[in-house]
Amino acid sequence: MTSLNVWDIHGGIHPPERKELSNRAPIQRMPLPARLIVPLAQHLGAPAEPCVTLGEQVLKGQLIAEASGFVSAPVHAPTSGTVSFIGPQPYPHVSGMTATAIVIDSDGRDQWIELQPHTEYRQLPPAELLNIIRQAGINGLGGAGFPTAVKLTAPPTQTIRTLIINGTECEPYLTADDLLMREKAAELVAGIEILEYLIRPQQVLIGIEDNKPEAIAAVRTAIGERPYVLKVFPTKYPSGGEKQLIQILTGEEVPSGGLPADIGMLCQNVGTCVAVHDAVLLGKPLISRITTLTGEALARPMNVEALIGTPVAELLTFAGLDSGKLNRLIMGGPMMGFTLPSMDVPLIKTTNCLLASTLAELPPPPPALPCIRCGECAEVCPASLLPQQLHFFALGQEHEQLKAYNLFDCIECGACAYVCPSSIPLVQYYRAAKGEIRALEQKQQKAEHSRQRFEWRQERLRRAEEQKEADRKARAERAARAKQAQAQTAGQDDPVAPVQAQKAGLSEEQKKLKIEASMAQVALKKAEKQLAAHATPELEAQVAELRIAASHAQQALDAATAAAPSAEATPAPINDEAAKKAKIEAAMLRAQLRKLEKLESRDEQQQAELTRLQAQLADAEQALASAQQNAPAAPSKPAGDEALKKAKIELAMKRAELKKAEKAGADEAELSKLRDGLASAEQALHAAEEKSAKPAPELVRTDKRPIDEQARALKTEVAFARADLRKLERDADSDAALVETARQRLNEAERKLQEHTDS
């Protein structure tokens, strides 16, 4: 069935086809190579994993590498022989990179495994039929090599209503699909029937360009009365692109960033259909393919059916390569193919052409010139893009703009570069930009994954902390209930209850003042230690300030304690040895008891120990209360001692204020006022000493003059010299010469200070 209802695509070009070089002879059979190199990555997706070992004997069609994921395809032995190597081997790539491959040394017998054909495939469920195709290792034979089984597995939300068979082969020089349709039209139609049974489309469309009349006739004859629609349309490059072919045959366009399945379309190459026929009806995995050997450097251009893994050098030798004429060896066509850096690479499943060109046939492009904005590239772009804008964005690495201008809709057909008068290799820029964007997206995905993991971890820690807090509160509640029960059983006349109530009777203000006083004393002691090690005026001033702060804190605490009710007063100190011993014993028992009470679960032995400790603690507290009642009261301090203490504190405060004012450079009136206050404080101290029980110290009165800046500097030098000398003297490993130098420095500093003081 033939239909003339076809549509046109935007743009496109008509480069010289040069198909006549290789389409005049039938498909040739390649002799069996002595060695086959079978890469594990011949498809898009994850490479296959080897399932054979070094030295193992394999048969033709035997599985040698299993698919390692959903988007992957297995690999089979192209012939019988011995596995001689598994590891890096040359790989057909423009970079000259190596890839993991399995090397098989042929035994020359080309012996097949036992094949399992499925001629009654219509009796099989679709899932089993799909698995047969998957296990045969079939991937697309006309493009990037996407695994066929994955492509045939449409999402549940999508329905394939049109199956499109691609027989276009629009690339110049390529004739592999043309010869396949001529010679294997019956197998092609049988493979289409298998795909039709598997996906159940509403219609089947077969698209072939009008430059293949023999193939068109052969396919039309093979279709016969089947309801398949054969559409012949004018030749234009790149009409063989998947999205372009859909538009030509149906008039529908695949949305930007979408897939054909999004609009109910599925495309398969004619070579893939024949491979499906071989896998299902013959039981053969994909181990060979038809490849075009062409170019003016070959004496006999042809199409050859060769085993996967055949070295490219042997294929070209079979076609009569003239090494002297060879300029470039291209895998694929001149538009979308790439130059091979070496002929040591093997044939893989996606190798549809080997083009051995001469210098005159494909001369190198001239050097690129600046873009002149002629717009020719936009006119021929089959995806209706703006190539010149994409070029500028790629140069500036403006990735967001590239995505906004639909860079990933570019099929890299090379039509824009073909017509560019400035010879700019536009496709190379697009490929590089796509790689950069994919790499950045992968980094962003990893970063997002790391962020999610961090947030999940924080959430787990938060829940764990909440659980710990809940457990702690539960333990505290159980302990409170246990104490309450213990207090109830102990009775109302417990002699230690008033003591405990007295301890708990401090107000919040008293507790706060007590903490501040303790902290002030700690800071003062620390500063006094530093002053003892390094006597400097700055440290002296700091110690004086800390003494004042500690005095104020203690005065505030004393005032708060005196103002508190007598019931909350601090108990009298214990002087009796028996009372002290009872208090220590009660504290030890209380600590042991609390340790047992904190346990969430206790065995019988621990519970018995807890009961025993509770009884002992009650006895100890009764003994403590009795000892406190019988202990002699502590002698009270005379009132004069308190007045003496306050007088000393007042004197220290006045002296510190005076030193601080002198250091700050206050005027003489303020200094005179502070000196008068200091003199009054000294007199008050002597008066308090006379009233106290302590003997009065010898009063030595000296008139001190203000310290000038030079005297302060000399004193500071003396203090530093003394500190350095003491440090060296404390160190047993100090050099004697260094110690002597430090001692001389100290003597010199003291001499200068004495001279300045005397003057």
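The largest nonpolar core of this predicted model has 51 residues, of which Ile 165, Leu 188, Ile 192, Ile 206 and Val 280 touch the most other members. At least two residues of this core come from each of the helices α1 (126-135), α2 (148-152), α3 (176-183), α4 (185-199), α5 (213-223) and α7 (270-282), and from each of the strands β10 (162-166) and β11 (203-209). Helix α4 supplies the largest share, 10 residues.

Apart from neighbours within four places in sequence, Ile 192 is in contact with Leu 163, Ile 165, Val 204, Ile 206, Tyr 228 and Cys 273. In soluble globular proteins, nonpolar side chains tend to be buried together.

Aromatic pairing is a further feature. The structure holds two aromatic pairs. One of them joins Tyr 121 and Tyr 197, with ring centres 5.9 Å apart. The planes of these rings lie at 70°, and because an angle over 60 degrees counts as edge-to-face, the pair is assigned to that class. Tyr 121 belongs to the loop between β9 (98-106) and α1, whereas Tyr 197 belongs to helix α4; the pair therefore ties together parts that are 76 residues apart in sequence.

| Residue | Relative accessible area | Class |
|---|---|---|
| Tyr 121 | 7% | buried |
| Tyr 197 | 10% | buried |

Both Tyr 121 and Tyr 197 are classed as buried because their values fall under 20% relative accessible area.

Key: Residues numbered from 1 in each chain as written. Predicted model: local features only at pLDDT ≥ 70, side-chain atom pairs only at ≥ 80, totals over all residues. Heavy atoms only, no water. Core = buried A, V, L, I, M, F, W, Y, C linked by side-chain atoms within 4.5 Å. Buried < 20%, exposed > 50% of the residue type's maximum accessible area, 1.4 Å probe, protein only. Helix = DSSP H or I, 4+ residues; strand = E, 2+ residues; numbered from the N terminus. Contact = heavy atoms within 4.5 Å. Phe/Tyr/Trp six-rings, centres within 6.5 Å; stacked < 30°, edge-to-face > 60°.
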